[in-house]
Amino acid sequence: RYPIQTEVITPTDEDILQEAIRLELSRNGQVFFIHNRVSTLDMVAHQLERLCPEARIVTANGQMPPEQVEKILTDFINYDYDILVATSIIENGVDIPNANTIIISGAQHFGLSDLHQMRGRVGRSNKKAYCYLIAPSSELLTNEARRRLNALETLADLGSGFHLAMQDLDIRGAGNMLGAEQSGFIADLGYETYQKILNEAVMELKEDEFQELFTDAVNGDQSASHHYVQDSQLESDLEIGFPSTYVENISERISLYRELDGIQNEEALLAFKKRMIDRFGTMPEAGEELLQVVRLRWLCMRLGIEKIVLKQERLSIYFPSNLQSPYYQSETFGKVISWLMSRWQRCRVRDIDGRRSAVIENVKTVNGAFTLLSKIEKGE
């Protein structure tokens with residue numbers, strides 16, 4: 001696929017419109033013309049007949065019976081017509097590879113996501129695609145409409161959907177969450193990181209400042225496996241991940257890592273592994289280690305371990321940095337410390353600058369770390 005060439009034109013640019021349609025027809029292609037006013041749809045079709053009398057034109061809108069709309073689209077797919085004049089109904093699910101020019105009338109009235117969605121109806125083959133946005137001249141537009149059209153015209157490359165979403169968020173605003181003007185922090189940190197920090201802050205408030213209000217909720221959470229730490233991080237010098245020889249596309253790898261990070265149980269993890277094998281073949285050892293990292297993180301959260309470092313055949317585990325955490329009075333912490341102290345030849349507990357941790361020697365792999373911490377959990 002090629003990037004969709006996008007251009008903003010005014011209603012008076014009939015010569016550009018005529019040239020765009022004839023260019024598409026000259027290569028045996030088809031055209032979408034979007035006009036979101038049912039009452040004037042036929043009038044637009046007559047104007048197009050005047051500009052391109054040789055074109056075969058048909059109209060469709062959401063007020064027609066479904067059977068009629070289906071027949072019109074089927075005929076258009078079968079190349080019985082050259083131009084489909086329609087309302088925005090075509091933005092959902094219409095995939096016609098032979099249609100590679102789209103003209104959107106009154107583009108200033110559409111939202112950025114709607115425009116991006118409709119633009120995506122073309123460029124679905126190996127042909128160069130074009131999108132023309134018809135709107136009044138810049139000085140007659142509102143500031144928001146001008147920014148939307150400029151964003152769509154500028155961000156036309158493949159994979160630009162995320163940047164358009166961020167532009168849309170910036171134009172419309174992200175709202176206010178638990179404080180004044182938080183959207184600035186979201187822009188600096190990224191939405192996922194901001195959400196994580198926000199969740200941690202809410203949990204701290206529940207446990208400390210507003211403990212009396214949330215006594216039942218906190219007591220209920222204490223039985224949950226992730227009460228003491230919200231997440232557990234891993235640092236390692238081992239080869240862990242999906243190699244480029246296994247998943248070649250870097251964007252695809254990042255997407256898979258993000259999906260894997262969101263998995264919460266063993267059943268979903270096994271289903272993820274099954275899909276990976278089905279798509280990419282037998283999983284390499286580094287990939288298997290990555291799946292075991294997910295299980296290791298779950299185990300660490302149950303044991304109240306905030307961070308683990310697996311380097312040079314040595315496992316370092318770090319307990320919660322908040323020394324006032326109820327974790328240090330919990331049965332779980334007592335069990336972990338008892339296990340470590342009973343194996344003093346191999347383990348040592350440290351308290352450096354108020355950061356409590358432990359080091360366990362002779363741990364070579366992620367699976368080895370998982371096996372060892374499983375023994376701690378079971379008290380073996």
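This is a predicted model: local features need pLDDT of at least 70, side-chain atom pairs count only at pLDDT 80 or more; totals for chains, interfaces and linings use all residues.
Residues are numbered from 1 along each chain as its sequence is written, and side-chain values use heavy atoms, without hydrogens and water.

**View 1. The second largest pocket.** About 480 Å³ of space lies in this pocket. A pocket is an open set of points on a 1 Å grid over the protein atoms alone where a 1.4 Å probe fits, with protein on both sides within 12 Å along at least five of seven lines; lining residues have an atom within 4 Å of a point. Its volume is the space filled by probe spheres set on the points. The lining has 20 residues, with Glu-200, Tyr-228, Val-229, Gln-230 and Glu-306 nearest the centre. Helix α8 (residues 191-207) gives the most, five residues. Helices (H or I, at least four residues) and strands (E, at least two) are DSSP runs, numbered from the N terminus.

**View 2. The largest nonpolar core.** A nonpolar core is a set of buried Ala, Val, Leu, Ile, Met, Phe, Trp, Tyr and Cys residues joined through side-chain atoms within 4.5 Å. Buried means under 20% relative accessible area (1.4 Å probe, protein chains only). This core holds 33 residues; Phe-32, Leu-84, Ile-102, Ile-104 and Leu-115 touch the most other members. Elements giving two or more residues include β2 (30-34), β5 (99-105) and α4 (112-119). Apart from it lies another core, of 26 residues, among them Cys-300 and Leu-340.

**View 3. Asp-82 in its loop.** Asp-82 sits between α3 and β4. Asp-82 is buried, with a relative accessible area of 7%. Leaving aside neighbours within four places in sequence, its contacts (heavy atoms within 4.5 Å) include Leu-25, Glu-54, Arg-56 and Phe-76.

**View 4. Helix α14.** Buried residues of α14 include Val-366, Leu-372 and Ile-376. The buried residues of α14 pack against elements including α12 (285-303), β8 (307-311) and α13 (331-341). Just after α14, Gly-379 takes a positive phi of about 75°.

Key. Buried means under 20% relative accessible area, exposed over 50%, partly exposed in between (1.4 Å probe, protein chains only).
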